[in-house]
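I opened my notebook to look at how two chains meet.

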Amino acid sequence: MKNRKQIAGVGAIVLALTTLTGSFQAANANALVTKGPNGEAATACATVKLTSAQAKSVKAGKFSAALLWHTSSDFVTAVNAGAAASLKRMGIKVVATGDAQFDTAKQKANVDTAMAKKPSLILGLPFDGVAAAAAYKSAVAAKTKLVFLSNVPDKFAYGKEYVTIVTDDLAQMGIKAADSLATAMGAKGEVGYVFHDAAYYVTNQRDQAFKARILSKYPNMKIVSEQGLTDPAKGQEIAQAMLAKNPNLGGVYVTWAQPAEGVLAALKAAGNKTTKIVTLDLSEPLAVDMVRNGNVASITADAAYALGECMAVAGAIGLVKGKVPPFLIAPALTVTASNIEEGWKLSLNRPLPAIIKKELD
Amino acid sequence: MTKVLKENFIYFALLTVFVLFSILLRNDGFFTTSNLLNVLIQSAPIAIMAMFTCFVLSAREIDLSLGATIGLSTLVVAISLQAGLHWILSALLALLVSSLVGFINGFFVTVVKLPSFLTTLAFTGVITGVARWTTDLRTLSVGDRSFAGFFGGGKFYGIPSMIIWATALLVIGYVVLQHTKFGAWVLAVGDNPTSAQSQGIKVARVKMLVMVFSGFGAGLIGLLYAGRLESASYIMGSGDTLTVIAATVIGGTSLFGGKGSIPGLLAGSVLLGLLTNGLLLAGFSVTQQIIVQGLVLLLALSVSSKSKGDN
């Protein structure tokens with residue numbers, strides 16, 4: 001009887017482990033494809049265009065738009081610029097611009113305030129799905145067309161409350177960062193993994209795709225340290241601890257540029273010239289180190305300006321009752337010392353900062 | 001600048017900004033009932049919290065943990081509601097937990113004798129950490145219609161409940177500060193604790209009470225946010241601490257104790273709300289909005305603190 005129980009127990013454990021392993025592998029495979037916040041399949045932004053008849057209707061409609069972002073950053077500036085330029089070309093007037101500073105109450109205040117100008121269209125990033133559902137209520141009630149960047153308010157339905165969601169090819173960004181680190185490390189060695197420890201769809205998908213790619217494609221690269229990050233100012237401390245425990249780290253993946261700057265500072269302070277860094281989103285200090293052939297191997301960037309253009313065009317199509325797919329993505333690009341000038345322009349639609357250009361010359 | 005202008009600067013500033021926006025933004029939807037109501041609704045939580053903060057500052061203390069406590073309160077109520085607790089009990093539980101935060105702050109200030117600036121700053125980390133850990137960083141949904149209607153999201157006889165809350169609490173705050181013994185004790189303790197002690201006022205008890213009130217106030221704001229935004233998150237209210245202190249101080253409450261003004265902090269809160277609203281409607285870029293808000297705040301602080309002789 002006792003033996004039977006033991007056999008049953010071992011069987012249950014084996015079954016549970018098998019199930020867990022299976023689901024883990026499935027999760028890994030899923031992490032390699034960008035999906036919408038509700039699992040929507042992606043369509044390339046490049047395929048979304050106004051027909052000439054739609055363009056005429058948009059121009060004749062005398063529409064207006066509000067641009068309501070979650071924060072201020074290089075990325076948001078570029079998205080905003082792309083959206084504003086594209087709206088202007090189509091004859092849509094921008095009547096309000098806001099920044100919620102990652103504050104859910106301010107997010108609602110911005111929407112309510114912008115509604116005083118009765119915009120026909122709002123382009124925005126609802127940074128907290130649950131809170132954003134209440135924040136965008138007044139816009140939905142006024143039948144304002146909504147195009148979201150990277151996220152969607154809870155229980156909002158495509159085609160009913162919003163026109164579409166636009167985002168980066170998030171999984172591709174993680175994959176490209178992994179491939180780039182593999183190239184820099186000769187596809188072998190110990191890897192540190194600094195991920196965003198918060199429930200945020202954008203960073204979570206990018207981080208998971210990096211990890212899944214390393215695990216699935218590079219058997220000789222071993223992730224020896226995983227460290228979650230919530231405060232971007234803590235990059236340096238995390239890297240110091242990681243290096244103290246794993247002195248042979250060949251490379252570190254950092255979830256985005258600001259903490260990566262801290263990781264770079266830690267490596268420099270330790271006199272470490274061999275550990276490579278890959279990260280996401282362009283940053284001037286990281287780019288300077290990269291072109292100096294320092295620790296930074298590559299920066300994977302999104303086409304932020306193109307994202308703004310894509311949101312504007314999708315919104316315009318929605319205004320004239322055209323059909324837009326539910327989830328649009330703009331491509332990712334790997335920026336290295338060899339393509340930094342084109343990469344900077346393509347991502348942020350700005351010329352390369354003088355300090356980086358000087359290093360190149 | 002005349003004494004009258006200096007002492008009433010916040011009201012002149014509010015009137016000037018209001019008239020300016022009404023003229024300049026007349027075609028931009030500023031001077032509409034719905035927009036002006038929006039400004040009041042958006043300013044209400046700041047004004048309510050500023051009222052509680054007025055007591056803390058008047059007693060020569062400060063509470064930097066109020067933003068974190070707001071977030072904690074939203075989570076306590078959301079978790080309780082999701083666990084099936086009645087909305088009134090959930091709200092009371094959130095107020096109890098928030099008041100407890102105030103009590104712990106008060107304990108360290110009055111018994112351990114630590115400066116409130118450091119105590120509340122340190123405790124902010126503890127509260128935020130607990131809130132993050134409890135929810136695993138998730139934002140929780142607050143779906144109870146009765147709760148949302150009563151706290152911040154509903155209307156009563158056509159008047160938004162947020163405005164009713166603010167009016168009622170500010171009137172109570174005004175009466176308590178200006179016309180009760182407790183209000184007089186708070187001001188006396190803030191003005192000169194040694195002298196207050198010699199007059200028989202229990203200084204530690206007064207300080208403990210204002211810290212508990214502050215926790216309770218933050219808890220109440222948490223309920224109002226959770227009701228209005230129909231959600232709860234550890235990050236909710238985290239950006240409010242400095243806004244609340246700024247609104248209180250430009251409204252005539254001294255950072256160094258002994259002087260508080262409830263009408264002034266109301267004007268300060270509405271001024272900050274008006275600026276945010278008007279600059280957005282004026283089509284200012286986000287960067288320009290931040291610069292103008294900073295400059296107006298600096299001007300208001302310079303004049304209002306000079307009028308009280310705070311150096």
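Predicted model: local features only at pLDDT ≥ 70, side-chain atom pairs only at ≥ 80, totals over all residues.

Entry 1

Entry 2. I looked up the contacts between the chains. On the chain B side I found 28 residues in contact, and they touch 28 residues of chain A. I then looked up the buried area, which is about 2,200 Å² between chain B and chain A. Carbon and sulfur atoms give 57% of that area.

Entry 3. I turned to polar and charged pairs. I got 10 residue pairs in polar contact between chain B and chain A, both residues at pLDDT 80 or more. For salt bridges across this interface the count is three. One salt bridge joins the side chains of A:Lys117 and B:Asp28, at 2.9 Å from N to O.

Entry 4. I asked which elements of chain B each supply at least two residues to the side touching chain A. They are α3 (33-58), β1 (140-141), α11 (203-229), α13 (262-281) and α14 (286-307). With four residues, α13(B) gives the most. Sorted by class, that side of chain B has 10 nonpolar, 12 polar and six charged residues.

Entry 5. Last, I checked helix α8 of chain B, residues 161-179. Its 19 residues reach 26 Å from first C-alpha to last, close to the expected 27 Å. I also listed buried residues of α8(B), among them B:Met162, B:Trp165, B:Leu169 and B:Gly173.

Methods. Residues numbered from 1 in each chain as written. Chains lettered and ligands numbered in written order. Heavy atoms only, no water. Contact = heavy atoms within 4.5 Å. Buried area = accessible area lost by both parts, 1.4 Å probe. Salt bridge = Lys/Arg side-chain N within 4 Å of Asp/Glu carboxyl O. Polar contact = N/O pair within 3.5 Å; in protein donor to acceptor, adjacent residues only side chain to side chain. Nonpolar A, V, L, I, M, F, W, Y, C, P; charged D, E, K, R; others polar. Expected span 1.5 Å × (residues − 1). Buried < 20%, exposed > 50% of the residue type's maximum accessible area, 1.4 Å probe, protein only.
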